[in-house]
Amino acid sequence: MIVLGIESTAHTFSVGIVHDGQVLSNVRKTLTTTTGGLIPAKLSEHHMKVFFDVVLESLFQAGVAVSDVSLIAYSRAPGIGHSLRIGAGVARSLSLRYDIPVVGVNHCVAHLEVGRVFSGKDDVVLLYASGANTQILAREGGAYRVFGETLDLGVGNFLDTVARLLGLGFPGGPKLEVLAQQYSGPLLDLPYAVKGMDVSFSGIQTAVRRMTDDGVEPSAIAYSVQEVVFAMLVEVSERALAHTEKDCLVLGGGVACNKRLQEMCRMMCDARGVSFFTPENEFLVDNGAMIALLGARVFAESGAVAVSDADIDPYERVESVRC
Ligand code: AMP
Ligand code: MG
């Protein structure tokens with residue numbers, strides 16, 4: 001079965017084509033900005049501008065015609081309404097024009113699904129560390145559950161803010177990673193904010209602001225922020241593994257591209273005797289292939305939706321998704 005998956009929850013418009021679990025193409029166009037955050041109207045403008053080329057390029061790279069596609073899947077939740085609406089609109093249009101069934105899926109579950117498919121492990125714990133989202137997710141009792149999450153901002157947005165305070169520009173996460181590697185001194189004293197199973201970054205942000213005002217060495221800040229914040233994420237992930245008794249941790253989200261986070265997760269998993277899996281970077285960031293992979297499964301389990309019901313839900317919580 002050939003599935004065309006459309007991702008448009010935030011800054012990225014992407015179309016991936018998957019044939020029986022094999023990814024044939026995964027084309028992405030991402031809106032980048034040098035200042036400020038994501039302005040909803042700019043996102044829809046960007047996605048409107050690029051969607052046609054992205055669909056065509058993805059079909060071309062996959063070597064398939066639209067008429068070969070058996071299912072259209074799109075991210076219906078959660079995300080920014082302005083951008084979600086473009087993906088849903090493209091999905092509905094393709095479905096109507098070519099008479100192809102359509103399903104809408106939850107973006108967070110798609111990050112979990114891509115790890116599940118590629119790791120070959122059926123039941124995994126996902127550390128989903130992206131710009132706006134930070135959650136520890138797993139399937140339990142017929143539903144997806146959030147075992148821990150951020151109480152304030154997403155870890156990626158937090159790292160981007162720290163990078164901005166250090167004058168590094170956006171996106172800051174990769175720049176902080178490089179800067180952190182240049183430091184070999186002692187760890188700076190930062191708050192360690194794990195509250196139950198949840199994490200919080202705002203106190204650390206305040207401490208970093210004070211340090212930058214005091215002229216502390218930027219590489220020391222970058223290193224210490226990574227060590228402390230990743231340790232918090234690893235701690236909560238480990239407790240989710242212990243509680244659920246699952247034997248595989250999967251990483252997802254843009255921050256999961258960070259080699260130090262990967263290393264710390266691997267060390268914890270080795271020590272616990274469970275496996276650890278990180279998909280390739282192109283499947284860690286927002287992408288259409290993961291939407292197609294999950295779409296195939298949702299379709300097999302529950303069938304398609306009527307085009308008139310192919311809606312969006314910007315605020316859907318993953319707990320409300322059945323599995
Ligand atoms: P996403 O929201 O999943 O598209 O991921 C975007 C976020 O991932 C941004 O906040 C980036 O700064 C962050 N990011 C990307 N690469 C890295 C990296 N190597 N280390 C840390 N953060 C990263
Ligand atoms: Mg994402």
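Begin by selecting Cys248, which is buried, with a relative accessible area of 1% (buried means under 20% relative accessible area, exposed over 50% and partly exposed in between, with a 1.4 Å probe and protein chains only). This is a predicted model, in which local features need pLDDT of at least 70 and side-chain atom pairs count only at pLDDT 80 or more, while totals for chains, interfaces and linings use all residues. Residues are numbered from 1 along each chain as its sequence is written, chains are lettered from A and ligands numbered from 1 in the order in which they are written, and side-chain values use heavy atoms, leaving out hydrogens and water.

Next, show ligand 1 and the 17 residues around it, of which Ser130, Gly131, Asp160, Glu177 and Gly254 come nearest (a residue is near a molecule or strand if one of its heavy atoms lies within 4 Å of it). Select Gly131, where a polar backbone atom is 2.8 Å from an oxygen atom of ligand 1, and then Asn258, where a polar side-chain atom lies 3.0 Å from a nitrogen atom of the ligand.

Note on methods:
Polar contact = N/O pair within 3.5 Å; in protein donor to acceptor, adjacent residues only side chain to side chain.
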